[in-house]
Structure formats: structure tokens, C-alpha cells
Amino acid sequence: MKTEVIKKNNTEVAVVSSGELLITDVQSALDLMMTVKYETGCTNIALNKEAVGKDFFVLSSCLAGEILQKFVNYGIRLAVYGDFSAYTSKPLKDFMYECNRGKDIYFQPTAALAVDKLSESRE
């Protein structure tokens, strides 16, 4: 796991990239969240899609809802970045679209766009 802190618009974002799975269940998501917050002090995390288990993107597993609710409850904003074009599920696309309209969870094609979203004003 590689973590880089980027400061933009007076907001620090921890950009995490990993070739191995970091989020496979709720506990691993909590572990990642707290590790990044402890090591960087950041409450904004951009994470590459490859570090997220495939079950997360199957909405019927309810895993995405459970994990994202933990991020919101702990006040940690998350942007998952990568190529989502392989996912053809309309409910998943709708879910990602609605997340991108919110203020806490985003799905973006690149790390730079993820940082942009997380560093925007939350008003």
C-alpha cells in the first residue's frame, strides 16, 4: 500500500494505491480507514478500484452499503478511482451516479479527479 498526501484548496487528501485487496469486508474497510487517518491525519481518502473487492460492486451483496455507511458514520470521505466501464449493471451505475452527486462518497475515473472531488467545498 502506497499513500501520498495531496493538499488542494486547503484540504488534505490521502491518495492510496495498492495492487492487493485492501477492502474485502466491513472490518477491512474500518482497518484501512483508521490506518490512513492515524498515519496521515486525513479524513479524505482516494482509493484505487483494484484495492476494493469485487463483491463491493455487486449491490445485492449489500457490502457497498455497509462499508460506505461506516465511512459516513466516522466522518471519512471516500473517492474510489479507476475504470468502471466493465460494470454494466444499471443499478450500480445509478448508485455511482447518485454518490457522485452527494458530498461524501465518489467514484471517479482518475486519482486527480478523485482529489478534485474530495477537495471541493462541502457547502
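Colleague: Two strands are said to pair if DSSP finds at least two bridges between them; what makes β3 and β4 a pair in this predicted model?

Modeller: Strand β3, residues 44-48, and strand β4, residues 77-81, are joined over five bridges in the parallel sense, and because at least two bridges are required, the two strands count as paired. Within this pairing, I45 stands opposite L78 in β4.

Colleague: Why are β1 and β5 called edge strands?

Modeller: The five strands form an open sheet of mixed pairing in the order β1-β2-β3-β4-β5, and β1 (2-8) and β5 (105-108) each pair on one side only. From one strand to the next, the twist averages 20°.

Colleague: What is the order of the elements along the protein chain, and why is the chain called as compact as a globular protein of its length?

Modeller: From the N terminus on, the elements run β-β-α-β-α-β-α-β-α. The radius of gyration is 13 Å, close to the 14 Å that the globule rule gives for 123 residues, so the protein chain is as compact as a globular protein of that length.

Colleague: How many of the residues count as buried?

Modeller: With buried meaning under 20% relative accessible area, 44% of the 123 residues of the protein chain count as buried.

Methods: Residues are numbered from 1 along each chain as its sequence is written. This is a predicted model: local features need pLDDT of at least 70, side-chain atom pairs count only at pLDDT 80 or more; totals for chains, interfaces and linings use all residues. Side-chain values use heavy atoms; hydrogens and water are left out. Helices (H or I, at least four residues) and strands (E, at least two) are DSSP runs, numbered from the N terminus. Axes are lines fitted to C-alpha atoms, for helices over the stretch in contact, and angles run from 0 to 180 degrees between N-to-C directions. The radius of gyration is taken over C-alpha atoms; the globule rule is 2.2 Å times the number of residues to the power 0.38. Buried means under 20% relative accessible area, exposed over 50%, partly exposed in between (1.4 Å probe, protein chains only).
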